[in-house]
Amino acid sequence: MAYTPYSLCPLDSDLLAESLILHGCHPLPRRRCFSKTPPKPPSSLPRNPFPSSFLDSNVIWNKYPSCKSFSCLAKKSPGLGFDPNAEISKFMTYKTELDLPVPQLLQVAKSANSVIRLGIDIGGATGTFAARMKQYNVTVVTTTMNFNVPNNEVVAMRGLVPLHVPLQQRLPVFDGVVDLVRCAHAVNRWIPLTMMEFLFYDVDRVLRGGGYLWFDHFFCKRMDLDKVFGPLIGKLGYKKVKWAVGNKTDSSGLKNEEVYLTALLQKPVSK
C-alpha cells in the first residue's frame, strides 16, 4: 500500500497478490493510482479462440520471473494451457470413461430436453473449455488465478471473460441463472473440506433447476472418495448422469493411491 496517489501504481509481483488473495485478503484494497497496461493492446477482436500463438506484447512480463514469453511457458509448463497446438484437441476426444467430450455433453442436455446457454468454469486456467464452448454458441466465464503464469491475460486474449477470484470466494453471479458449472482440476482433495462444502452449495445457488454440475477429473484418495467426497457430493441430491472412477497413474497418484472422478450431475427442477 506504499504508493503515491494519482500516479502510476507500483508494479506488484503477481505472486504477492495471489498469495494475499489465497490467504483470505480478498478483495484486495483499492488504490488511487493508475495501473500499468501492456504497451500494445490488441487492435481487433479474436476470430479464432484457438490461435496459432499468443502475442507476447499483451502481457507485462515483469510480473512473471520464470518466463518472459509464451514460447518459454509452453516449453517449461507444457500441460498448463500455453501451447495452442496442444489445446486444440481438448474436450473433443474420448479416450477413457473419464472423458466427457463437448458434443456428448450437449447431446446429453438435448436428450433431457434441456439447454446449455450459460456456464462457469471454476479453475479453468487459460480458458480452453470456455473457448471450446464458444464455438457452440455457449457463453462460459472462467474463474482463474495467476500462479506465476498469465492465465487471466490469455483468457482475455481469446475474447473470453476471466474472473480473477479464488475458490473460497462467493461466485459473483446471481441465483439460479447458470445452466452449467464445470469444476476443473483445481477442485481436488487439497481443498479444506469445509471450504469445499461451501463451494458446492454456492454452485447450487447459481445453478438453475435442471442445470448441470460437472466434476472433471476430480482427484482424491480412493478411500476418501467412498467415505468423504462421495457422501459430500451426494448431499446435493442431484441426479447422476455420469459417474466414472479411474486410477490416477502419475507418480503422486500411485504413491497416494489416488483416483480420478468424472461426474455429470443434474440439479432437480424442484430445487
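The following legends describe close-up views of a predicted model.

**View 1. The disulfide between cysteine 9 and cysteine 33.** A search of the whole structure finds 2 disulfides, and one of them joins cysteine 9 to cysteine 33, with sulfur atoms 2.0 Å apart. The link between cysteine 9 and cysteine 33 is right-handed, with 100° about the S-S bond. Cysteine 9 lies in the segment before α1 (14-22), whereas cysteine 33 belongs to the loop between α1 and α2 (70-76), so the pair ties together parts that are 24 residues apart in sequence. Cysteine 9 counts as buried, at 11% relative accessibility. Cysteine 33 likewise counts as buried, at 13% relative accessibility.

**View 2. The disulfide between cysteine 67 and cysteine 72.** The sulfur atoms of cysteine 67 and cysteine 72 are 2.0 Å apart and form a disulfide. The torsion about the S-S bond of this pair is about -65°, and the disulfide is therefore left-handed. Cysteine 67 is buried, with a relative accessible area of 3%, while cysteine 72 counts as partly exposed at 21% relative accessibility. The cut-off matters for cysteine 72: buried means under 20% relative accessible area, and the value for cysteine 72 is 21%. When the bonded cysteines of the protein are numbered in sequence order, the pairing is 1-2, 3-4.

View 3. A disulfide requires the two cysteine sulfur atoms to be within 2.5 Å. Cysteine 25 counts as partly exposed, at 32% relative accessibility. Cysteine 220 counts as buried, at 1% relative accessibility.

**View 4. Helix α7 and the elements against which its buried residues pack.** Helix α7 comprises 14 residues (residues 193-206), which at 1.5 Å a residue should span 20 Å; the C-alpha atoms at its ends are 20 Å apart, in agreement with that expectation. The buried residues of α7 are Met196, Leu199, Phe200, Asp202, Val203, Asp204, Arg205 and Val206. These buried residues pack against the strands β1 (118-122), β4 (178-183) and β5 (207-221), and against helix α8 (222-234).

**View 5. Aspartate 202 and its contacts.** Aspartate 202 is found in helix α7 and counts as buried, at 11% relative accessibility. Residues up to four places away in sequence being set aside, aspartate 202 touches Gln169, Arg170 and Leu171. Aspartate 202 and leucine 171 are 31 residues apart along the chain, yet their C-alpha atoms are separated by 7.0 Å.

**View 6. The largest cavity and its lining.** The whole structure contains 1 cavity of 30 Å³ or more, and the volume of the largest cavity is about 60 Å³. Its lining consists of Ile122, Thr143, Val165, Pro166, Leu167, Gln169, Arg170, Leu171, Pro172 and Leu199. By class, the lining of this cavity divides into 7 nonpolar, 2 polar and 1 charged residues. Among the lining residues are Gln169, Arg170 and Leu171, which are also the residues touched by aspartate 202. Leu199, another residue of the lining, is one of the buried residues of α7.

View 7. The elements that give two or more residues to the lining are α5 (128-134) and β5. Strand β5 gives the most, with 3 residues. The lining of the largest pocket has 22 nonpolar, 15 polar and 7 charged residues.

**View 8. Asparagine 152 in helix α6.** Asparagine 152 has its place in helix α6 (residues 151-157). The residue is buried, with a relative accessible area of 12%. Leaving aside neighbours within four places in sequence, asparagine 152 is in contact with Thr144, Met145 and Asn146, and also with Pro162, Leu163 and His164.

Definitions and conventions. Residues are numbered from 1 along each chain as its sequence is written. This is a predicted model: local features need pLDDT of at least 70, side-chain atom pairs count only at pLDDT 80 or more; totals for chains, interfaces and linings use all residues. Side-chain values use heavy atoms; hydrogens and water are left out. Helices (H or I, at least four residues) and strands (E, at least two) are DSSP runs, numbered from the N terminus. Buried means under 20% relative accessible area, exposed over 50%, partly exposed in between (1.4 Å probe, protein chains only). Contact means heavy atoms within 4.5 Å. The expected span of a helix is 1.5 Å times one less than its number of residues. On a 1 Å grid over the protein atoms alone, a cavity is a set of points where a 1.4 Å probe fits but cannot get out, and a pocket is an open set with protein on both sides within 12 Å along at least five of seven lines; lining residues have an atom within 4 Å of a point. Grid points are joined across faces, edges and corners, and a volume is the space filled by probe spheres set on the points. Ala, Val, Leu, Ile, Met, Phe, Trp, Tyr, Cys and Pro count as nonpolar, Asp, Glu, Lys and Arg as charged, and the others, Gly among them, as polar.
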